[in-house]
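Please read the following points beside the model. They go from the chain as a whole to a few single residues.

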Amino acid sequence: MTTTMPGLPAPSPAPSPASVPSRAPAAAGLSVWPASARLTSHGDVAVGGVSLVEAAERFGTPVYLLDEGEVRERCRTYLRSFPDTDVVYAAKAFLCRALLYWVREEGLGLDVCSAGELEFAVTAGFPPERIVLHGNAKSPEDLDTALRLGVGRIVIDSAWEIARLSALIPDGARQKVLVRVVPGVSAGGHTAIRTGTDDQKFGLSINDGSAGHAVARILDQPRLELVGLHCHIGSQIATVKPYLTALRRVVGLLAQIRHQHGTVLPELDLGGGHAVAYRPGEAALDIPALGTRIRRELAANCAVAGIPVPRLTIEPGRALVGPAGVALYRVLAVKRTGGRTFVAVDGGMSDNPRPALYGVRYAPRLVGRRSTAGPCTATVVGRHCEAGDVLAADVTMPGDIRPGDLVAVPVAGAYHLSMASSYNAVGRPPVVAVTDGRARLLVRRESLADINGRDIGL
């Protein structure tokens, strides 16, 4: 089943699910890997039917593999779990043309956070009417581009945007908007990614009345069409309860808007932030359970409030692409000093800044050979001139790990390359799609010529 925003044309039919990998239990130690991951007899791992050793030899390292079948199956899980809902992919997690094609073909919309992401998506063929524009501080270029390209929804994040956006809209035209509200719910895996409380930069507070004031102002703007509320409470949320709490408070505001203004808002966007497991044993959010509970709670709360049930939108990002990605690195050096073992690889914080930003922990794995040595505790570090360039601290690795070995890091599909840099003039790695035993290059490696080309000289 596919979904579209209200009144919008349906996407092209999705391909046969025959190409989607089996959801059979993963091999020992591969529980957080793509469902297609298979351990071979000589210590290699195949993802999407493609040997990691062969992929490293063909494309070099570092390299990122993205399992197309895993992405598509995760899209379908959301559509099954949230019927009659607009499922919108959060492009900030990772964006490339092929991924845009996959999510569009599976029936998802898109949310973007800048003119750059928006224009990239539209020039790649994504229908602008199925795109939502976010941003706590949208630039004039962001707003101009959104209006020029005909974006479906703009999420107003501050009172300043109301007059600014209205002034840009031509006479006789109207732009559909939502108001991002803050429900006063603290949730998320780290303080840097908790966005549902009043002490951070996003949205307008329900508690202090600024959300209600913004709604009243928008309703007085003839060029703005307020179609709903938006709420995103954080990221890496592993339980359903915070979403239900936020939902109840936002439905309360919908009821208040109807009472004060006589206006029934037809849409409610509950954002994303759905947790994935980065290491075996970690909790991931149960998406089918989330869908059931949210839809049930929404219907019940609207019935109590005496308002119609609005059209629901959700915005998964990490949960769609994170577990579909695997990063491959080559070991450059092994150093034992101060009672610790450091395994230095040929990538690092330039392609994955998340450990430095959020303290996230991964489960790297030696691939390409079977080790008979006992385990050791090691810290996998990058090649950059920063003490904080750590990819995985205090993880178990074979005691005989050595230069030339191949190390794979699963759950690498989100917020790695989308946040990457060319620090130390190290080019960003390529992205390779794997499916049905085939590997194809999606994004080429960034070269020194690419980096030099931006410098126009003296």
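1. Of the contacts in the chain with a separation of 6 or more, 70% are between residues 24 or more positions apart, where contact means heavy atoms within 4.5 Å. This is a predicted model, in which local features need pLDDT of at least 70 and side-chain atom pairs count only at pLDDT 80 or more, while totals for chains, interfaces and linings use all residues. Residues are numbered from 1 along each chain as its sequence is written, and side-chain values use heavy atoms, with hydrogens and water left out.

2. On overall dimensions, the radius of gyration of the chain is 23 Å, which agrees with the value near 23 Å for a compact globule of 458 residues; the radius is taken over C-alpha atoms, and the globule rule is 2.2 Å times the number of residues to the power 0.38. Along the principal axes, the C-alpha atoms fill a box of roughly 70 × 60 × 45 Å.

3. The chain has 12 helices and 21 strands, these being DSSP runs numbered from the N terminus (helices H or I, at least four residues; strands E, at least two).

4. Of the 458 residues in the chain, 54% are buried, a class defined by under 20% relative accessible area, with exposed set at over 50% and partly exposed in between (1.4 Å probe, protein chains only). The chain exposes about 18,700 Å², of which carbon and sulfur atoms supply 52%; the areas come from the Shrake-Rupley method with a 1.4 Å probe.

5. Gly109 belongs to strand E6 (residues 109-112) and is buried, at a relative accessible area of 9%. Apart from its neighbours within four places in sequence, Gly109 is in contact with Val87, Val88, Tyr89, Phe126 and Arg130. Between the C-alpha atoms of Gly109 and Thr313, which are 204 residues apart along the chain, the separation is 9.7 Å.

6. Glu161 lies in helix H6 (residues 160-168) and counts as buried at 3% relative accessibility. When neighbours within four places in sequence are left aside, the contacts of Glu161 are with Gly135, Asn136, Lys138, Val155 and Ile156.

7. How many disulfides does the rule give? The count is zero, a disulfide being a pair of cysteine sulfur atoms within 2.5 Å. Cys75 is in no disulfide, and the nearest cysteine sulfur, that of Cys96, is 13 Å away. Cys75 is buried, with a relative accessible area of 0%, and Cys376 also counts as buried, at 17% relative accessibility.
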